[in-house]
Amino acid sequence: MNFHFTERRALSRRTFLKGIGVSLALPSIEAMTPAFAVAADVAKTPRRLVAIQTNLGIMPHLFFPEKDGPGYEPSHYLKILEQLHSDFTVFSGLGHPGVDGGHANEKVFLTGAPHPAGAGFRNTVSLDQVVADQLGNQTRIPSLTLNVSPGMNSSSMSFTSAGVLIPGEASVAALYKRLFIQGSKEDVKARVDDLKAGRSLLDSVGARAKQMGKAVGASDRNRLDQYFTSIRELEKQLHQAEAWEHKPKPKVEAPEPREFTEGGQLLLRLGSMLDVIRLALETDSTRVVSLYIQPLGVLSAVEGVQHETHSLTHHGNRPEMVAELQKIEEAQFKTIARFLLALRGAGESGASLLDRTSVVYGTCMGNANGHTNKNWPMLLAGGGFKHGQHLAFDKEQNYPIANLYVSLLQRLGIEADKFASSKGTLKGLEMAG
Amino acid sequence: MLLGTLAVSATHAAAAERPVPLKAFLRQYCSECHDAESKKGGLDLAVLKPDFADAPTFAKWVRIFDRVHAGEMPPPKKTQPPAAERDSALKGLSADLNAADVRRQRELGRVALRRLNRSEYENTLRDLFGMPGLAVKELLPEDGRSDGFDKVSDALEISAVQMRKYLEVADLVLDEAIAHEAKPVVYRCRERLVGGLAHFFETSFPIIDRKKVDLDLWDQMKAAKLPLREQHLESMQSLGYISNERESFHPEVGAFSPIHSGMYRIKTSVWSFYYKPGEILPAERMQSVALLASGRLLTHFDAPSLEPRQHELVVWLNAGEKLSLNAANLWITFPSLKKFEGPGVAMDWMDIEGPLNETWPPLSHCRLFGELPLKRVPNFDNKGAPVPEGAKNPGKPGPHPRQPAPVARHPGARPSHKDGDEFNPKRIAIWTVESQHPEQDAARLLADFLPRAFRRPVAATEVAEYVKIARERIAAGDFFESAMRAAYRVALCSPDFLFLNETAGTGGPNDPALLDPYALACRLSYFLWNSMPDEELTALAAKKQLSVKVIQEQVNRMLADQRSERFIEDFTDQWLDLRNINFTSPDGRLYPEFRHDLRDAIVSETRAYFREMLNKDLGAAHVIDSDFVMINQRLAEHYGISGVVGSAIRRVPVPPGNPRGGFITQGAVLKLTANGTVSSPVTRGVWIMDRILGKRPAPPPPDIPAVDPDTRGATTLREQLDKHRNNASCAGCHAKMDPPGFALENFDVIGGWRTRYRHIGETGDPPDVAQFINAPAAKKFENHFRYGLPVDAAGTTVDGKPFKDIHEFKRILLTEQESVARNFVQRVILYATGAPVSFADRAEVERILDASRQSRFGFRTILNQVTQSPAFLHK
């Protein structure tokens, strides 16, 4: 079901040192060129962010541990992540203040904009796009906006600074192609010509917008300015894309993944998608990924499951419905666990990929049965934080998720002290080195 | 403090004229709570300047006006102002707010430049190119909404993401629009199979003489390999099947999947029966089958008992779609023909023909290239010599204009190379337009295309800009087609195409915001067709003939036109939230009778009812109640109304005592206000307050505990909510919004009538099999659900009027017709103009209400009034 490729764990610095039987303090071997190079590489190794939301909730009684702190007893679902115990932190009592409205809040998972169900609601920029603005120019793809959805639709949880939804890619094959399939010289030329034609088109329509702006009133001009800014922004993107077209795409051993198109195969598709995400990170094709999992209207092909997932989440506390939903959620946690383990197994320049990649996994529903928007089940894996603990906050007066986002921004080297409703970094979450 | 601020503001022109009482009024009755220290509700009157030109400040003053005007402020506990004092204060404030808003509207217009939303964009492309089923909407990011509508200028943002998509879609549309072949490639076939060969002699089977099924053959073939079964395909008379679509049975028709998007003619012959092992007996009811193209519902065909009925349909199909003919009325079954007893449907054949092009090249191509001839682009052999047409070795294409990407179709799809050379991708030659005078042609074609695309006259200098783009490419040696394409692509991504540029100024200095005739034509067409004006409307604009009388004639003509269905769908989607109809799927154990036939019918009902209200000028009362419903057979069965046969929606009188009639007791509304398992009176109450009465309650305060629904049967959601409501701080709002929801408690999550709740559990009575239409004889329902606690649909409205059920509640609600009408007027204005009703528009709303009072707030009258209102006629 998954496609495989050989594990390439880089020789870590410590392994290297052990191998030659040296136990010197690290600074003193700076003269050793190879070792020095490795050390420098570690510092230069990029940091990354993967944010994953599953939009129909995670049953809270199976997710949240009872005790807090480092000695917490893993909950039913967290036992699935047991092997990763010291690589993640589980939170409780997190929420976005002012975010309510049942399902509507899925679109503010990464933005924190209040009252998403309100009549005049306007979204704000999502965390991944803040990161993409800062780091996006370093990689072929500034950021990946992906979804795993039954109809292979274009939903996502990423929004531009104007609050416009960025369509998500649902096809694993298309994603793989975009990342790794170089094509013939003619293909590359055609792509470059296409980008050039796009830029020349933008010149023309931009000139027209300017001309039009002279003939209209102030409020119309504001709208045209927005159009004009969009053109500028796209022009920059096309320019960068063109520059990347002249550099060959990375080669990976994993073959093009199979596309699971049936709604019931959603979890298989999730697995494939996560595999390609890992490849994208390993090849440094991008550093920011947002993945939106939307099992709406899906009769999951998990053994023992006979009901559509969304109906199951409205289980009305009926034990047999809860049991079915539990099977689906367990399978999903296993898929996430495989992804995290694979990231840990993949190394680059002496660090594990997981240590360099912050993975947020969570849901906007505190309890889907009652559509509550408080106490969001959330966890953070990897990224170079001190993990292995349960950070518990007030389950009623929730602690802002945006504080976690500020911690993540700072970890990525972005100078930020605020994001959405945040009042600082997340209390109790410390960087490891 | 407060006085100081107001005194400073005297520099402001509007403030200088403010009548004295407001200052005193605010100080006396409001400043105790709304001062710098308390700032109750976030309002600090000490710093609130009367700067009405500033939008947020203006909005605050409007809110102050509204709360005081409604008597909500000062709150009951505080000293109440005498009515005269209050009225005087408000009068002055109202005049100021109105003056400021009128000035804004005159200077800037009510509506800022508005981007086409994605439905409008898609429809405009469809109409511009004459490709009625072109599907590009889903390729664009979702639009921002305001008050549930995607028509509001302020919420329709644009970003680089959108621009990139516009570029892509422009290319896709041009790929589809431009002809690349010498002549149309028409495919004709007769399909016999539904559900694929693997299901032949499983779920589907041959029927002999409409009388019997050969069970021996069935036995034999069930064990046989697929090719052996295939030989019975051609010889069979009718194909029967007895299951609705299920995970393992997709009722796809043959292997047909178009290579070309376009119009197709589909003819079929279908009928129905009741099956007993080996026997074909008369059906117990008229059945119907749903024709779908890759999940897109095209129509329902009625299938009478034992009598084949022929149907014909001409419809747009997109390349790569698959047709299916679903037995939508039937239950999902896994039948063995030796045991099964129950209803089934039969198809004798289905003939498919298309694409049907009345002319060649098609209209879409002619819109771009006029009458210019097509010419073949030569292929070359491996020595580089051109290959003549029809040669054995087709060769490889040389340089040629961009071609559409190959269509993604499922393996084994027909037509394929087996159906003839014209369907063999290797042998299809590339053709392109030929121009003897490229520059003149470019100028001529663009001068024709641009005014159409931009929906207004286009100056010669503007056309010249586009000709320049083509000329440069022609000079660089490009194909004429490619050069023109570059120009067209710019046009389709330009602000002139993507925005509704509503030019004002024809009204002169006294009326600077009056729309020019072309902009007015667009207002009308984007309102009623969600798309560009047609030739008649444009001609009227050109002749400056869009007078009040002509507008009314045009509204009538446009509503009679098929394109107005877009308005009906889009407006009901947004006003009544119909777009959310599939947001939840009813729990299959609790609601086994809910299948796609019912789902499709409830949506059609609400749309048809709205259409009927417009056609017959029915008014606000009909929103609440009515003596007729718009239903088909399936829905009649659902509503307990007899004598309705067939899948077509028609007008049927409501029998005495039946609770149906009006929007609020329609299946669609009841379903979309429930979640598939339970219905919450709060959700339904809020929906009625908001969408019907226009009094949207404030969102719940943060930090209230939520209710965890429980369907094990021991308690009802209403009981659970009662506990929650007893909390004093919740009671105030819930007293308003819960009662309408209580009145709807007799309706379950699929809009069926209930007197007891369904639950999954051991207690209570099991359902009666007879209540389920079409259920197979052996179908058992004990494991599905049981009837539990009784429904309590009684309540008391916030102003103390008790009701015992929906009938009584409707009577109470009928006293609020004016609110219902006002809500409709406000939402139509928002939808039609792209901006919500603002302070200065309020008087106009009341005028429209007065003008339509005689028609009892008839919806058609209101629609006409809106199209003649200043808000509609001005930018």
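Started with B:F663, which is buried at a relative accessible area of 0%. My cut-offs: buried means under 20% relative accessible area, exposed over 50%, and partly exposed in between, using a 1.4 Å probe and protein chains only.

Housekeeping before I go on. This is a predicted model, so I keep in mind that local features need pLDDT of at least 70 and side-chain atom pairs count only at pLDDT 80 or more, while totals for chains, interfaces and linings use all residues. Residues are numbered from 1 along each chain as its sequence is written, chains are lettered from A and ligands numbered from 1 in the order in which they are written, and side-chain values use heavy atoms, with hydrogens and water left out.

**Rings**

Rings of Phe, Tyr and Trp (its six-membered ring) pair if their centres lie within 6.5 Å; planes under 30 degrees apart are stacked, over 60 edge-to-face, and the rest tilted. B:F663 pairs with B:Y609: the centres are 5.1 Å apart and the planes at 80 degrees, so I filed this one as edge-to-face. B:Y609 sits in helix α19 and B:F663 in the loop between β19 and α22 of chain B, so the pair ties together parts 54 residues apart in sequence. (Helices, H or I with at least four residues, and strands, E with at least two, are DSSP runs numbered from the N terminus.) B:Y609 is buried too, at 1%.

Next I checked B:F772 and B:F781, which are stacked, with 4.2 Å centre to centre and 20 degrees between the planes. B:F772 is buried at 5%, and B:F781 is buried at 1%.

**Charges**

Which charged residue sits over the ring of A:W244? I found A:K247 there, its charged end 4.4 Å from the ring centre. To count, NZ of Lys or CZ of Arg must be within 6 Å of the ring centre and within 35 degrees of the ring normal.

B:R456 bridges to B:D496, with the closest N and O atoms 2.6 Å apart. That pair links parts 40 residues apart, with B:D496 in helix α14 of chain B. B:R456 is buried at 17%, and B:D496 is buried at 2%.

How values were computed. Salt bridge = Lys/Arg side-chain N within 4 Å of Asp/Glu carboxyl O.
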